[in-house]
Amino acid sequence: MGDERKPKTSTVWPTVKPFVNGGASGMLATCVIQPIDMIKVRIQLGQGSAAQVTKNMLKEEGLGAFYKGLSAGLLRQATYTTARLGSFKMLTAKAVEANDGKPLPLYQKALCGLTAGAIGASFGSPADLALIRMQADATLPAAQRRNYTNAFHALYRIVADEGVLALWKGAGPTVVRAMALNMGMLASYDQSVEFFKDSMGFGEASTVIGASAVSGFFAAACSLPFDYVKTQIQKMQPDAAGKYPYTGSVDCAMKTLKAGGPFKFYTGFPVYCVRIAPHVMMTWIFLNQIQKVEKSFGL
């Protein structure tokens with residue numbers, strides 16, 4: 001009977017392993033990056049430069065304000081990153097198998113990244129909505145603040161006040177943004193690992209750090225315009241007549257383009273790049289270390 005159970009154990013763990021590792025690495029990275037993410041959201045909401053936002057937050061709200069929404073951020077990683085990194089590993093493994101074990105060309109990696117991003121965003125959209133609202137809450141007039149205490153309270157209130165489907169408000173731009181980000185992040189990382197390791201002869205540590213940096217840059221460059229639109233949609237409030245400023249993501253994009261030109265979509269790019277790139281880098285570095293620990297335990 002013991003021999004009969006072994007195949008089940010050995011089959012289940014390799015299947016769930018990429019998902020567990022992806023979620024754990026994303027959550028660890030979020031704990032480090034949360035303050036920068038908070039500043040990025042405030043800049044996009046028009047509260048000034050990075051220095052001004054930081055100064056005002058410390059003066060008016062205290063140090064704890066930088067970690068407002070952390071519970072939602074961790075919940076987002078537990079859903080979004082678990083799904084996207086896990087599905088990317090599965091998709092690329094299947095593609096390599098179909099390619100007779102040969103390395104995948106860049107366009108196939110990009111397609112896998114696009115698909116993984118869509119899958120991850122579909123799972124992570126409710127937590128992402130809660131995160132944006134918690135981070136933006138302090139910028140609203142006192143009468144309009146939602147005063148969510150944590151991510152689960154935010155999700156409960158959204159369902160109670162607006163209905164279940166409201167959890168996926170802004171899901172369209174969230175999914176598109178995630179597809180762009182993961183195409184840049186996942187495809188460039190795998191391609192860079194091959195380049196640094198095979199062509200440049202870098203060691204393991206240098207390869208991971210170098211590929212992570214490249215991955216972070218492309219993730220930021222590809223995704224910021226979609227992130228800007230997503231943030232505007234998710235934080236909008238109806239006016240006195242009950243009318244929202246935008247009817248959807250396309251309307252938001254067109255009005256933004258008309259009002260501020262194409263560079264308006266790159267509002268806060270330096271901070272966004274500083275936030276996205278280190279998060280991507282630390283996600284890959286944490287993932288690499290988790291895999292090392294598992295290997296040492298024979299997992």
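## Salt bridges and the burial of their partners

In this predicted model, Glu 162 counts as partly exposed, because its relative accessibility is 35%, a value that falls between the 20% and 50% cut-offs. Its salt-bridge partner is Arg 133, with 2.7 Å from N to O between the two side chains. Since Arg 133 lies in helix H4 and Glu 162 in helix H5 (residues 151-162), the pair ties together parts that are 29 residues apart in sequence. Arg 133, for its part, counts as buried, at 2% relative accessibility.

A search of the whole structure finds ten salt bridges, and among them is the one between Arg 177 and Asp 227, whose closest N and O atoms are 3.2 Å apart. Here Arg 177 belongs to helix H6 (residues 171-199) and Asp 227 to helix H7 (residues 204-235), so that this pair ties together parts that are 50 residues apart in sequence. Arg 177 is buried, with a relative accessible area of 4%, and Asp 227 also counts as buried, at 1% relative accessibility.

Lys 255 and Asp 251 form a salt bridge in which the closest N and O atoms are 3.3 Å apart. Because they stand four residues apart in helix H8 (residues 249-260), about one helical turn separates them. An α-helix has 3.6 residues a turn, so residues three or four places apart point the same way. Lys 255 counts as partly exposed at 39% relative accessibility, and Asp 251 is likewise partly exposed, with a relative accessible area of 22%. Elsewhere, salt bridges that share partners join Arg 133, Glu 162 and Lys 169 into one network.

## The bent helix H4

Helix H4, which covers residues 106-136 and holds 31 residues, has its end C-alpha atoms only 38 Å apart, whereas a straight helix would reach 45 Å at 1.5 Å a residue. The helix bends by about 60° at Gly 124, and a proline, Pro 126, follows within four residues. Of the 31 residues of H4, 22 are buried, so the helix is largely enclosed by the rest of the structure.

In the model, the span of residues 13-94 is 83% helix and 0% strand, and its end C-alpha atoms lie 17 Å apart. For residues 203-293 the chain is 76% helix and 0% strand, with the end C-alpha atoms 19 Å apart.

Note on methods: Residues numbered from 1 in each chain as written. Predicted model: local features only at pLDDT ≥ 70, side-chain atom pairs only at ≥ 80, totals over all residues. Heavy atoms only, no water. Helix = DSSP H or I, 4+ residues; strand = E, 2+ residues; numbered from the N terminus. Expected span 1.5 Å × (residues − 1). Bend = angle between axes of the 7 residues up to and from the residue. Buried < 20%, exposed > 50% of the residue type's maximum accessible area, 1.4 Å probe, protein only. Salt bridge = Lys/Arg side-chain N within 4 Å of Asp/Glu carboxyl O.
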